[in-house]
Amino acid sequence: MIPSDLPMNTLKVGVLLTTLTLFFVLLGGWLGGTGGMIVALVLALAMNIGSYWYSDRIVLRLTGAQPLSRADAPDLYAMTERLAAHAAIPPPGLYVVPDPQPNAFATGRNPEHGVVAVNQGLLDLLAREEVEGVIAHEIAHIANRDTLTMTVAASLAGAVMMLVNLAQWAALFSPSSDRESGPG
């Protein structure tokens, strides 16, 4: 069943996105004045749009996840479809990560684009009921749109770190002889 606070979760993502973007723009202004604010805003928008549309593909590629076919794992597909129906979301795509550690994660910008990836170690080490609990947990993340919140936060944190690194390089090569007056 879809959580009744879904609009509140979407509002929280919007507030988080707005707050982090404002923080990023203010940091850009502190480091580079008006020009820094504009650069920070453009970077924040690019990171947000990119992470919204491509985060699932990026994460899957970085982890080496491979699509799992129904023929390869019919029980896992049936389990996932039943759990997704119970959560009132479309069945997520299934991927397997060739890693011996027992782990799983969910990604995707919304339930219609949700993906659950399970490590091979999880499938090898856990009993069917335990795997079902893990899949249910990941589907709950998708249904509550937690994956979107995590994606937005991670992309803006990465953008802040990028801006800080740019500021470090700018300070290093600054022509100013007064290093104590702040960023160059």
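How many helices and strands are there in the chain? In this predicted model, the chain holds 5 helices and 4 strands, and from the N terminus on these elements follow one another in the order α-β-α-β-β-β-α-α-α. Of the 184 residues in the chain, 36% are buried. When contacts between residues at least 6 apart in sequence are considered, 60% of them join residues that are at least 24 apart.

Helix 2 spans residues 74-86 and thus has 13 residues, and the distance from its first C-alpha to its last is 18 Å, which is close to the 18 Å expected at 1.5 Å a residue. The buried residues of this helix are Leu76, Tyr77, Met79, Thr80, Leu83 and Ala84. Seen down the axis of helix 2, these buried residues fall within an arc of 165°, and they therefore line one face of the helix. The face turned away from this buried side carries the exposed residues Asp75, Ala85 and His86. The buried residues of helix 2 are covered by several other parts of the chain, including strand 2 (93-97), strand 4 (115-119), helix 3 (120-125) and helix 4 (128-143). Just after helix 2, Ala88 takes a positive phi of about 60°.

When its neighbours within four places in sequence are left aside, Thr80 is in contact with Pro92, Leu94, Ile135 and Ile139.

Ala104, which lies in strand 3, also counts as buried, with a relative accessibility of 12%. Ala104 and Ala117 are 13 residues apart in sequence, while their C-alpha atoms are 5.5 Å apart in space. Apart from neighbours within four places in sequence, the residues in contact with Ala104 are Ala117, Val118, Val134 and Glu138.

Met162, by contrast, has its place in helix 5 and is partly exposed, because its relative accessible area of 34% falls between the cut-offs of 20% and 50%. Along the chain, Met162 and Leu43 are 119 residues apart, yet a distance of 9.4 Å separates their C-alpha atoms. With neighbours within four places in sequence left aside, Met162 is in contact with Leu43 and Met47.

Attention may then be turned from single residues to the empty space in the model. Rolling a probe the size of a water molecule over the atoms shows where such space is left. The largest pocket has a volume of about 150 Å³, and it is lined by 10 residues, among which Ser55, Val59, Met150, Thr151 and Ala154 lie nearest its centre. At least two residues of the lining are supplied by each of helix 1 (6-63), strand 3 (104-107) and helix 5 (146-172). Helix 5 provides the largest share of this lining, namely 5 residues.

Technical notes
Residues are numbered from 1 along each chain as its sequence is written. This is a predicted model: local features need pLDDT of at least 70, side-chain atom pairs count only at pLDDT 80 or more; totals for chains, interfaces and linings use all residues. Side-chain values use heavy atoms; hydrogens and water are left out. The expected span of a helix is 1.5 Å times one less than its number of residues. Buried means under 20% relative accessible area, exposed over 50%, partly exposed in between (1.4 Å probe, protein chains only). The arc is that of the directions from the helix axis to the C-beta atoms. Contact means heavy atoms within 4.5 Å. On a 1 Å grid over the protein atoms alone, a cavity is a set of points where a 1.4 Å probe fits but cannot get out, and a pocket is an open set with protein on both sides within 12 Å along at least five of seven lines; lining residues have an atom within 4 Å of a point. Grid points are joined across faces, edges and corners, and a volume is the space filled by probe spheres set on the points.
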